[in-house]
Amino acid sequence: MAKKKTPGLNTQSTADIAFLLLCYFLMVSTMDQQSGLVRRLPQMPDKNQKTEDTKVNRRNIIIVKINSSDRLFAGDQLMDVSQLKDKIKEFMTNPNEDPNLPEKEVKNIEGFGDYPVTKGVISLQNDRGTSYKAYIAVQNELVKAINEIRDDFCRQNFGRVYNACSEDQQKIAREAIPQNISEAEPKDVTKK
Amino acid sequence: MPIFKRSGKKDMPELGTSSDIVFMFLFFFMVTTQMRSSEVKVRVHLPEATEVAKLERKDLASYIYIGSPNAQYQGQYGTEARIQLNDSFKTTNDIRDFIAAERDAMSEADRQLMQVSIKADEDVRMGIVTDVKQELRRCSALKIMYAARKAGQ
């Protein structure tokens, strides 16, 4: 049987077609990296339910305020954003068992054992006139403080930084050093 | 003796592989990029932050833009910071419908994981952001993200 020669396909134009598609996708799509600070908002209190004040001990709470001219107060102390991190770190770790800093509660963490977990809560308050930039800068410092404490914890117990740890270890670190940032109900910090 | 011998037959260089290369490019862009969902009509210059986390699943995110309207809309909407949902300017009262619509578009399993990304300009005041936050709490869309640029970019 005579071999039938298959005719060659003309494929020159596929490159053009692919180029057209490529240009189309270049025009309609974006490549920007989506990143930001992740937060969880508190549940809206039920209207029918009586709001029971969960009395947090005075020493367990630090109030971080930003007023309408972007001035920062942490624990009734005027300070710069750069000082906030150390203040928060001191507050959350309480290395010297200072009676004015938050108490600790020994909790059993699964897969790790007992660890004194701080009961400290950071309460962030802002004014309606606060600029978003200042607000994010403060939020960022708070996260940074927590992250550094977690890093220290991981380095002590697992010998590497938080990000290098395994999923389980990160979970333990998250439980041992909770990120208790409460964004308070809106109210005007500065009186009119 | 010539180093590059020209075969007498071929006048045209071989183009067969170029389409493969272009297709490769095409797939690369299709995988790494995402479709531009809506035209941003407000000025959004994100604030800087160092401790940012990446948005894990873009398909679960809804975006709320807050900023002052762009120049061509200022005649109509003024220069005060406005909220943009999808493609139009809205007020805080419309957020409820927006969230409900976004929820409906998701599959049952994903609804719990829905995340709202607040993209606010660094110059807006917290008043409007607080209003948005309160409204989100009322709609129980509690997972939010303050969009921010990684510092030094």
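# Questions on a predicted model

Reader: Where does N86(B) lie in chain B?

Author: N86(B) lies in the loop between β5 (82–85) and β6 of chain B. Helices (H or I, at least four residues) and strands (E, at least two) are DSSP runs, numbered from the N terminus. This is a predicted model, in which local features need pLDDT of at least 70 and side-chain atom pairs count only at pLDDT 80 or more, whereas totals for chains, interfaces and linings use all residues. Residues are numbered from 1 along each chain as its sequence is written, while chains are lettered from A and ligands numbered from 1 in the order in which they are written.

Reader: What is the phi of N86(B), a residue other than glycine?

Author: The phi of N86(B) is positive, near 50°. Most residues other than glycine have a negative phi.

Reader: Why is N86(B) called partly exposed?

Author: N86(B) has 16 other C-beta atoms within 10 Å. A residue is buried if 20 or more other C-beta atoms, placed from the backbone, lie within 10 Å of its own, exposed if 12 or fewer, and partly exposed in between. The count for N86(B) falls in between, and N86(B) is therefore partly exposed.

Reader: What makes D70(A) partly exposed, and where is D70(A) found?

Author: D70(A) has 17 other C-beta atoms within 10 Å, and this count makes D70(A) partly exposed. D70(A) is found in the loop between β3 and β4 of chain A. Although D70(A) is not a glycine, its phi is positive, at about 60°.

Reader: How do you know that β3 and β4 of chain A pair?

Author: Two strands pair if DSSP finds at least two bridges between them. Strand β3 (residues 61–66) and strand β4 (residues 72–74) of chain A are joined by three bridges in the antiparallel sense, and therefore they count as paired. The bridge partner of K65(A) in β4(A) is F73(A). Helix α3 (residues 132–158) of chain A packs on the sheet and touches β3, β4, β8 (121–126) and β9 of chain A.

Reader: Which strands form the open sheet of chain A, and why is one side of β5 and of β9 left without a neighbour?

Author: The five strands run in the order β5-β4-β3-β8-β9 (chain A), with mixed pairing. β5 (78–79) and β9 (181–183) of chain A stand at the edges with a single partner strand each, so one side of each has no neighbour in the sheet.

Reader: Why is α2(A) called oblique to α3(A)?

Author: Helix α2 (residues 81–93) of chain A and α3(A) pack at an angle of about 40°, with their axes 9 Å apart. Axes are lines fitted to C-alpha atoms, for helices over the stretch in contact, and angles run from 0 to 180 degrees between N-to-C directions. Angles under 35 degrees count as roughly parallel, over 145 as roughly antiparallel, 65 to 115 as roughly perpendicular and the rest as oblique. An angle of about 40° belongs to the rest, which means that α2(A) is oblique to α3(A).

Reader: Which residues of α2(A) and α3(A) meet?

Author: Residues are in contact if their C-beta atoms, placed from the backbone, lie within 7 Å. Those of α2(A) include V81(A), L84(A) and I88(A), and those of α3(A) include A137(A), V138(A) and L142(A). The residues of this contact divide into nine nonpolar, one polar and five charged. Here Ala, Val, Leu, Ile, Met, Phe, Trp, Tyr, Cys and Pro count as nonpolar, Asp, Glu, Lys and Arg as charged, and the others, Gly among them, as polar.

Reader: What makes α3(A) oblique to α4(A)?

Author: The axes of α3(A) and helix α4 (residues 167–176) of chain A come within 10 Å and cross at roughly 125°. That angle makes α3(A) oblique to α4(A).

Reader: How many residues does each chain bring to the contact between chain A and chain B?

Author: Chain A brings 40 residues and chain B brings 49 residues. On the side of chain A that touches chain B, α1(A) gives the most, with 10 residues. That side divides into 18 nonpolar, 16 polar and six charged residues.

Reader: How do you know that β2(A) pairs with strands of chain B?

Author: Two bridges join β2(A) to strand β3 (residues 53–54) of chain B, and five join β2(A) to strand β8 (residues 143–147) of chain B. Both pairs run antiparallel. S35(A) stands opposite K54(B) in β3(B), and R39(A) stands opposite I144(B) in β8(B).

Key: Contact = placed C-beta atoms within 7 Å.
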